[in-house]
Amino acid sequence: MPESEPAIAARGANQRGAARLAAVQALYQMDVGRVSLPRVVAEFEAFRLGQELEGETLRSADAAFFRLLVAGVVEEQEVIDPLIHATLPPTWPLARLDVTLRSLLRCGVYELKSRRDVPARVVISEYLDVAHAFFEKEEPGLVNAVLDKVARDVRPDEFGKAGAG
């Protein structure tokens with residue numbers, strides 16, 4: 001293993017960071033493979049969270065936080081999707097986004113909306129790390145823009161007066 005790992009390893013080496021990454025992967029799997037929530041959670045807990053995959057031991061993840069994220073996104077998707085859609089350009093509806101990107105945004109927006117115990121700037125930073133784990137081009141910028149806009153809308157108290165931040 002190289003001396004320097006990607007940003008998610010350096011900054012997101014905590015169990016919640018690993019849970020966020022796994023939640024995005026689980027939501028992707030549910031979307032692409034039409035896998036049920038109970039099945040994907042059971043599979044991740046049995047075979048992925050802190051387990052060995054392709055000869056490498058995966059980082060230990062906060063399993064309860066992973067379950068909360070995945071179940072929360074599924075339960076709140078009808079509220080989350082319009083929040084994301086409202087931040088996107090009219091030519092790029094949510095359905096047009098890459099499945100991984102859509103899953104990532106849904107997790108981030110869920111956490112911003114429902115997990116006020118985690119500061120908005122931390123949520124944004126953590127999901128930017130996840131975005132960099134999957135994408136190299138403009139997608140991390142889109143993640144930053146969408147999550148920042150949603151955060152300012154759902155948690156204006158964390159950003160002070162309009163335009164400050």
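Predicted model: local features only at pLDDT ≥ 70, side-chain atom pairs only at ≥ 80, totals over all residues.
Residues are numbered from 1 along each chain as its sequence is written. Local features need pLDDT of at least 70 and side-chain atom pairs count only at pLDDT 80 or more, while totals for chains, interfaces and linings use all residues, and side-chain values use heavy atoms, with hydrogens and water left out.

Trainee: Are α2 and α3 parallel, perpendicular or oblique to each other?

Mentor: Helices here are DSSP runs (H or I, at least four residues), numbered from the N terminus. Helix α2 spans residues 15-33 and helix α3 residues 37-47; their axes are 10 Å apart and the angle is about 135°. Angles under 35 degrees count as roughly parallel, over 145 as roughly antiparallel, 65 to 115 as roughly perpendicular and the rest as oblique. The two helices are therefore oblique.

Trainee: Which residues of α3 make the contact with α2?

Mentor: Contact means heavy atoms within 4.5 Å. On the α2 side the residues are Ala22, Gln25, Ala26, Gln29 and Met30. On the α3 side they are Leu37, Val40, Glu43 and Phe44.

Trainee: Is Leu27 buried or exposed?

Mentor: Leu27 is found in helix α2. Leaving aside neighbours within four places in sequence, Leu27 is in contact with Val70, Val73, Val74, Ser103 and Cys107. Buried means under 20% relative accessible area, exposed over 50%, and partly exposed in between (1.4 Å probe, protein chains only). The relative accessible area of Leu27 is 8%, so Leu27 is buried.

Trainee: How many aromatic pairs does a search of the whole structure find?

Mentor: Rings of Phe, Tyr and Trp (its six-membered ring) pair if their centres lie within 6.5 Å. By that rule, the number found is two.

Trainee: Are the rings of Phe44 and Phe66 stacked or edge-to-face?

Mentor: Phe44 is in helix α3 and Phe66 in helix α4 (residues 63-85), 22 residues apart. Planes under 30 degrees apart count as stacked, over 60 as edge-to-face and the rest as tilted. The ring centres are 5.5 Å apart and the planes at 25°, so the pair is stacked.

Trainee: What is the relative accessibility of Phe134, in the pair with Phe135?

Mentor: Phe134 and Phe135 form a tilted pair, with 6.4 Å centre to centre and 55° between the planes. Phe135 counts as buried at 11% relative accessibility. Phe134 counts as partly exposed, and its relative accessibility is 33%.

Definitions and conventions: Axes fitted to C-alpha atoms, helices over the stretch in contact; angles between N-to-C directions.
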